[in-house]
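Good morning, and thank you for coming.

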Amino acid sequence: MKRRSMLIAVVVGVVAVALIALFVTSDMESDPLATDTNRIVGRTAPAISATDTEGRPFEVEDYRGRWLLVNFFATWCTPCIAEHPELVAFSDAHAKSGDASVVSVAYNDTPEKVVQFFAERGGDWAVIADDRSDFSIEYAVVGLPESYLVDPEGTVVHKFVGGVRKAEIEREMARNR
Amino acid sequence: MSVLLGNAAISLGLAACVVGIGALLSGLRSGKEKLLLWARPMSTLALVAALGAVGVMQVALLTNDTSVKYVAEEGSKTTPFPFDVATMWSALEGSILLWGVLLTAFTVAVAAKFKSRLTDPLVGWAMVVMLTVTGFFFVLMLAVAPVFRTFDAAPGFDGPGPNPLLQNHILVAFHPPMLYLGYVGFTVPFAFAIAALVTGRLGEGWLAETRRWTLFAWGFLTVGIVLGAWWSYEVSGWGGYWAWDPVENASFLPWLTGTAFIHSVMVQERRGMLRVWNLTLVVATFSLTILGTFLARSGVLQSVHAFSSGSIGPTLLGFFAVIVVGCVVLIGWRGDRLRSPGAIDSPLSREGAFLANNLLFAAFAFVILLGTVFPLIVEAINGDQMSVGAPFFDRMSVPIGLVMLFLMAVAPVLPWRSATTELLSKRLWWPAWASVAVLGFAVAVGARGVSSLLGFWLAGFASGSVARQLTLAARRQGWRGLVGRANGGMIVHLGVLVIAVALVASQSYTKQGEFTMSPGETVRVGGHEFTYVSSYVREKANRREIRSRIRIDGDDVFEPSMNQYLATGQMIPRPSVKVSLTTDLYLNLTRAASAEDPAIRIRIVVEPLIVWLWIGGSVMAVGTVLSAYPGRRHRNPLDPVSSPVAIGPDRDPDPESESVPA
Amino acid sequence: MTAGQRRVGWAAMLVAVVVLVLLGARTPPTSGTSDDRLYALAGQMKCLQCAGESVAGSQADIAVKMREEIRSQMREGRSDDEILSFFADRYGQRVLLNPSSEGVASLVWIVPVVAAGLGVVGLGLAFAAWRRQRGDAASEGATDEDQALVAAALRGSPDV
């Protein structure tokens with residue numbers, strides 16, 4: 001009898017201590033957007049077959065042999081506006097050598113606003129504002145902005161959550177070369 | 001000024017607790033009874049201090065005194081009454097203040113109730129525990145989550161106001177205080193349990209002392225949870241009222257262990273058994289209220305209801321650890337005095353049913369706790385990210401719920417000690433036929449699905465048992481047949497059954513759809529017609545409402561709206577519900593009309609029997625009050641322990657019929 | 001009513017319940033492209049942009065998009081499992097609210113069942129122990145002293 005109650009007390013105590021230890025080791029400030037479990041990185045970049053805002057057909061495959069940054073954005077999204085100059089700088093830096101390009105995919109937006117956005121803020125790369133097909137789900141986009149770096153073989157090598165910086169993109173390109 | 005006053009009040013409260021604890025401890029040590037009498041003035045002082053702090057906070061909120069950081073961050077000039085009052089519990093710091101003031105009120109109430117027995121060491125130790133917990137909350141308010149901090153507001157500054165979800169519905173004024181009354185109320189049985197362990201007076205005394213306190217705490221928790229579900233339903237926008245969110249689960253856990261305790265305590269009172277188990281349940285209930293607050297406020301789990309989080313997590317976790325470890329040690333230390341003397345004769349008896357009930361409730365609580373923290377466990381084991389959500393909890397609670405319903409049907413008719421199948425067959429005869437009638441009715445009106453039908457059938461069965469018990473009691477005792485623990489308890493059961501039926505129906509037979517509609521367009525959902533008439537804008541002090549007029553079945557017009565809160569610019573839909581006893585028609589805008597585009601996007605949910613959830617909750621509350629008062633003035637001394645089986649051939653060994661006055 | 005009649009009655013009742021449940025066993029179909037199916041599926045997925053909401057309950061952009069995607073896949077005639085694994089394949093297992101029954105995750109299903117089983121066995125053992133204990137004590141019965149106590153108590157009670 002005595003031994004049995006001791007056993008129960010020990011079991012209860014151990015479970016309670018384990019529970020407390022679990023909470024102690026868990027991250028107390030978890031942000032839903034901070035944990036990303038997307039499984040796109042490492043795979044062949046999902047297809048984006050669409051027509052860009054200037055009426056030209058667009059295929060991710062056409063960019064084989066070059067780096068491609070697939071950028072998901074919206075005109076109503078403040079961090080997207082903030083990151084835009086970085087994208088312009090990145091695109092300009094690689095315009096001459098032609099070894100890297102950007103494609104922007106609009107999210108919940110209208111073509112008119114998107115065209116106006118680029119007219120105001122610059123950027124002369126392909127922009128897709130097609131509201132019929134949804135590429136954001138193929139790319140497992142959670143929040144805006146998000147960007148995916150596709151290497152010359154057509155594999156997604158990195159996902160940027162939030163606003164990107166030119167230096168970060170260059171670093172990831174160097175790392176995955 | 002407000003900050004200074006507020007902090008002075010909190011410091012005074014803390015000082016009162018510390019002095020009170022000191023006086024009581026030295027009184028208990030030295031046996032000087034005079035010192036034990038300090039419990040009352042000190043707890044009163046703590047209450048006055050806490051009320052003072054609340055007063056300062058309320059004045060600051062009502063006058064929008066932005067020199068107080070809390071008011072600057074959570075309040076706004078434009079927040080209308082009573083939401084400005086409720087702002088006090090719309091963020092972490094203010095909720096702790098609410099918790100603190102309720103706790104001091106309970107402490108004073110205990111001191112007042114036991115005023116003639118303050119010199120009794122049992123009461124003395126209970127007061128020590130109460131004051132310690134109170135003191136802990138004062139420390140939180142002062143240092144860990146300081147509620148009164150200064151803020152240097154620029155002229156013309158106006159705060160953002162509470163989270164729009166917290167000013168969208170009047171229930172925000174009632175749900176948190178009720179829930180907290182429940183949480184806080186469980187401190188009283190906990191304090192007496194600890195006192196019993198420390199003094200070694202582990203007889204049934206402490207249980208009797210706290211029976212009513214426990215019952216009221218449980219009642220408040222019940223009402224708090226039901227109001228929370230109602231509020232979710234009114235503001236969530238998808239017709240749901242319970243999402244198995246971590247914070248919801250955290251409030252449900254102490255309710256489950258508390259319910260188990262309320263039942264198993266009767267076994268201890270009658271038979272002197274299950275002492276360790278009951279202590280464990282009391283301690284578990286109290287520590288789960290603390291754990292729940294930790295889960296809600298630390299940000300360790302993501303919740304839709306965690307409107308704010310702060311640095312309070314580690315402190316609450318530490319407090320939880322102290323409670324759990326302390327209680328395990330105390331129970332282990334007193335193990336020798338906790339040996340239960342009796343034995344339970346038969347599984348087929350009232351006490352057997354209570355044991356089964358406890359097993360179910362404990363299992364349910366375990367499942368919910370496991371499911372809630374499981375993603376953390378997996379992450380700790382192999383770093384994987386996973387989720388455990390509604391589908392898991394739904395699937396687990398169906399079998400548990402069905403067995404609970406079955407137990408609710410059989411247990412009330414079981415006598416203490418042991419029953420024969422013959423007795424059961426006699427007593428369950430009419431309840432069982434009633435259940436067949438209920439099942440037949442359900443099938444006739446079109447209810448389908450095995451588990452839903454089993455739910456209706458067992459709910460009918462259990463209602464039959466309730467009806468039988470109440471009819472017998474009322475026939476024997478008149479109106480007194482509705483009061484007292486057993487009879488009031490049956491009314492609580494009735495409330496539970498009403499909720500169970502409403503749950504099954506609304507979970508199984510909801511119809512819904514989401515539509516883009518232009519003015520004049522009509523859609524059909526679940527046999528009802530919804531016509532979009534027009535949209536218009538209504539300006540309020542703190543928000544702009546874009547309302548859409550929806551005509552239902554060519555008759556009444558309802559106006560769901562999209563509310564834009566001016567302070568933050570956030571758009572929050574405000575659903576509109578056509579309520580009836582059979583079906584709720586729930587309308588929620590997911591995209592409002594605009595000047596350019598009068599089309600709206602609307603979610604329409606047709607849910608049966610929703611209103612019975614709230615009615616059932618009210619019945620439970622009424623039943624709780626009724627069961628808190630003694631049913632009979634004089635007890636028949638033969639009642640407590642009824643004889644094992646029938647004595648004569650014609651005699652129904654029903655304890656109820658035995659007590660018919662000669 | 002005799003015990004025999006009752007027994008027949010109970011049997012009839014049992015038959016009635018079984019027949020009625022079987023009559024109503026047919027669940028309303030949630031296949032095809034109905035919104036009921038849509039929301040049932042969406043309710044099994046977590047809105048990754050939100051804190052603790054499902055795709056069915058949330059109005060966040062991602063939830064709206066995912067519901068649209070579910071709808072279009074339903075139109076293409078995909079099965080529930082196909083649709084769920086489409087999302088899990090992209091967003092990771094975390095998007096599924098229903099834990100998988102493989103690997104470590106399966107413990108969340110197994111542990112409760114094992115614990116409940118242990119509880120039932122424990123309760124059974126306790127009853128068996130109590131029965132033995134009672135068997136030992138049963139021989140004693142009520143003493144004269146006990147009877148006298150009961151009689152005294154009854155005399156003092158105003159109810160009798």
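This is a predicted model: local features need pLDDT of at least 70, side-chain atom pairs count only at pLDDT 80 or more; totals for chains, interfaces and linings use all residues.

Residues are numbered from 1 along each chain as its sequence is written, while chains are lettered from A and ligands numbered from 1 in the order in which they are written.

Let me start with confidence. The model scores ipTM 0.86 and pTM 0.91. The pLDDT is the predictor's confidence in each residue, from 0 to 100. Chain C averages 84 on this scale, and 84% of the residues score at least 70. Which elements of chain C have the lowest and the highest mean pLDDT? The lowest belongs to α6(C), at 70, and the highest to helix α4 (residues 80-91) of chain C, at 94. Helices (H or I, at least four residues) and strands (E, at least two) are DSSP runs, numbered from the N terminus.

Next, please turn to chain A. Is strand β4 (residues 100-106) of chain A mostly covered or mostly open? In β4(A), 6 of the 7 residues are buried. A residue is buried if 20 or more other C-beta atoms lie within 10 Å of its own, exposed if 12 or fewer, and partly exposed in between, with C-beta atoms placed from the backbone.

Two strands pair if DSSP finds at least two bridges between them. Strand β3 (residues 67-73) of chain A runs parallel to β4(A), and 7 bridges join them. In this pairing A:Val70 stands opposite A:Val103 of β4(A). Between β3(A) and β4(A) the chain passes through helix α2 (residues 78-95) of chain A, in a right-handed β-α-β crossover. Right-handed means that, with the strands pointing away from the viewer, the path from the first strand over the helix to the second runs clockwise.

β4(A) is also joined by 3 bridges to strand β5 (residues 126-128) of chain A, again in parallel. Here A:Ser104 is placed opposite A:Val127 in β5(A). The path from β4(A) to β5(A) leads through helix α3 (residues 111-121) of chain A, and this β-α-β crossover is right-handed.

I now come to domains, whose bounds come from an automatic or database domain assignment. Chain B is divided into domain 1 (2-301 + 316-350), domain 2 (400-509 + 617-631 + 654-658) and domain 3 (511-608). The centres of domain 1 and domain 2 of chain B, taken over C-alpha atoms, are 32 Å apart. Two residues are in contact if their C-beta atoms, placed from the backbone, lie within 7 Å. By that rule, 14 residues of domain 1 of chain B are in contact with 13 residues of domain 2 of chain B. Helix α10 (residues 205-236) of chain B gives the most to the domain 1 side, with 8 residues.

Finally, the chains themselves. How many residues does the contact between chain C and chain B take from each? It takes 54 residues from chain C and 61 residues from chain B. On the chain C side, α5(C) has the largest share, 11 residues. By class, this side has 31 nonpolar, 14 polar and 9 charged residues. Ala, Val, Leu, Ile, Met, Phe, Trp, Tyr, Cys and Pro count as nonpolar, Asp, Glu, Lys and Arg as charged, and the others, Gly among them, as polar.
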